[in-house]
Amino acid sequence: MLRLRAGERPVSGKVSVHLLVHASGFMVIRPTLRSEWLSTEGRVTAEVLGQLERAMWITGYPLRWHVSGGHVIEGSVRCVMNWVFFDLYERVHGVSNPEQVALWALEGIQGCDRLHEMYAEGFISYPFPVSFGAQFEIVNPQLSPLFGGMDTEAEWQRTIDCLMFPDRTDIRAVPITLGRETLDRWYLSENQALTLVPAGEPDAEMDVIDPDRTQLLEALGLRRAVLRCVQRDTQRVLTERRTVTRYQLERWQHMVASTTDDYVLHDRIGQLIEPIRLHNSNEILIRDLGDLERQVRANLAWFQERLDTLSAWTGGLVGASVGTVAMVLSLQEALKAMLSQTLGREPDKVFQDFGWLFALTMLTLMIISFAVAVTVIRRVTRTLSPFSRRLPIRGGPRARRRARALRRAIAAQAEQPTPPEPPVPPRRTPPPAPPVPPQAPPPLAEGEQPAEA
């Protein structure tokens, strides 16, 4: 049953399951539902496809899965994925109990209880599966704006937004720029993928329209699962201050290195990686998988550095123990002489008559010497400074003597009292200049009239 706005709608169909098993120990499970296998009342709208996507995440979604053996599993898509894993695991180990496997596959709020039990028993390393989400492939010319099948471009965009961002009306889906003119459109978010093509036929082996993009999404899903698991483990070690073994660190490094190589993919598939990276960098709502990889590698590098530091410390302890043994063995004759004076025996007979006392004394000296050496090493290494206290002075002893004499002269000058300065006389203001008397105009010539202002 699908939960639509108009009410629940019955739906039935056949689901094919595809597996991808990696050498790192992870397995990708991809249940696929094709349109010719789906039977429902009415048209297959964007709301119907959106509810199929919601069935991936909502615990207790009202779906019934008929599996082999005549058993029925009720729950979301994760329940049938759990069943696939348990059924394969039991068959590999030569055990087959369909009824028990169907009960193990149930999913709750805290995940699958059987996975947690297998983790506690040591059969698996990670009890929390990592899901990529849903991938849609729509092949219908009427849905493409290039053919003018839909009434308006806005209506077509609302259909895409409903599939890519369910329960959100304020976000618009942006297609990936493939760098060339194509008739199809490819949308990708953190948990959804949509391929819109005007024509195409499903691949007979993979049951998808575009096998290249599907295989790339499987590789990215595998990479995300590995990085999420390693990131969860490393953060638990960091926050809870747990111990890490070299085997565990090597295991993490192998998992990350074997799943983050882009060149293991075919060139035809690998050329789609750069458009995805560009798309993720432009979309602020998508967390880039490269950031997660860099964070995981930073954590692993920090663990490796700490283990190398501890290895150097262990080498110092081994050197201290070897030096202690050599020092104590070199004191055998002196120890014999001391015991002979204390016991009143000859030095040659001390070892014969009191061998246990001689051995106990040697062992005591070794323990005391080793403890003293370890204490000295710990104190010295604890107070090591990466910077020297005094900067070196170039020029030899003569330059050092001049520098010392200059420092003494500066210190002596600083100790002498400073004489008071003589008072400065006030500055005198010059007297004002005397006023200038007005001058009489020059005499006029004959026949010249005075000028009027």
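In the hairpin of strands β4 and β5, which has five residues between the strands, G25 takes a positive phi near 105 degrees. Helices and strands here are DSSP runs numbered from the N terminus (H or I of at least four residues for helices, E of at least two for strands). The model is predicted, and local features need pLDDT of at least 70, while side-chain atom pairs count only at pLDDT 80 or more and totals for chains, interfaces and linings use all residues. Residues are numbered from 1 along each chain as its sequence is written, and side-chain values use heavy atoms, with hydrogens and water left out.

The chain has 14 helices and 11 strands. Of its 453 residues, 33% count as buried. Buried means under 20% relative accessible area, exposed over 50%, and partly exposed in between (1.4 Å probe, protein chains only). Among contacts with a separation of 6 or more, 65% come from residues 24 or more positions apart. Contact means heavy atoms within 4.5 Å.

Strands β4 (residues 16–21) and β5 (residues 27–32) run antiparallel and are joined by six bridges. Two strands count as paired if DSSP finds at least two bridges between them. S16 has T32 in β5 as its bridge partner. T32 is buried, with a relative accessible area of 9%. Its side chain makes a polar contact of 2.9 Å with the side chain of R30. A polar contact is a pair of N or O atoms within 3.5 Å; within protein, one must be able to donate a hydrogen and the other to accept it, and residues adjacent in sequence count only if both atoms are side-chain atoms. Leaving aside residues up to four places away in sequence, T32 touches K14, V15, S16, H18, W37 and D207.

A separate open sheet holds three strands in the order β9-β11-β10, with mixed pairing. β9 (134–139) and β10 (185–188) stand at the edges with a single partner strand each, so one side of each is left without a neighbour in the sheet. Neighbouring strands are turned by 10 degrees against each other on average, direction ignored. For such angles, axes are lines fitted to C-alpha atoms, for helices over the stretch in contact, and angles run from 0 to 180 degrees between N-to-C directions.

β9 and β11 pair in the parallel sense over six bridges. Here A134 has Q192 of β11 as its bridge partner. β10 and β11 (residues 192–197) run antiparallel and share four bridges. These two strands form a hairpin with three residues between them. R185 stands opposite L196, Y187 opposite L194, and L188 has A193 as its bridge partner.

In a regular strand the side chains alternate between the two faces of the sheet. β11 is covered on both faces: Q192, L194 and L196 are buried on one side, and A193, T195 and V197 on the other.

The structure holds one cavity of 30 Å³ or more. The volume of the largest cavity is about 70 Å³. On a 1 Å grid over the protein atoms alone, a cavity is a set of points where a 1.4 Å probe fits but cannot get out; lining residues have an atom within 4 Å of a point. Grid points are joined across faces, edges and corners, and a volume is the space filled by probe spheres set on the points. The lining includes Y187 and L188, as well as M164, F165, R172, A173, V174, H279, E283, L285 and I286.

Methods. 1 Å grid on protein atoms, 1.4 Å probe; cavity = no way out; pocket = protein on both sides within 12 Å on 5 of 7 lines; lining within 4 Å.
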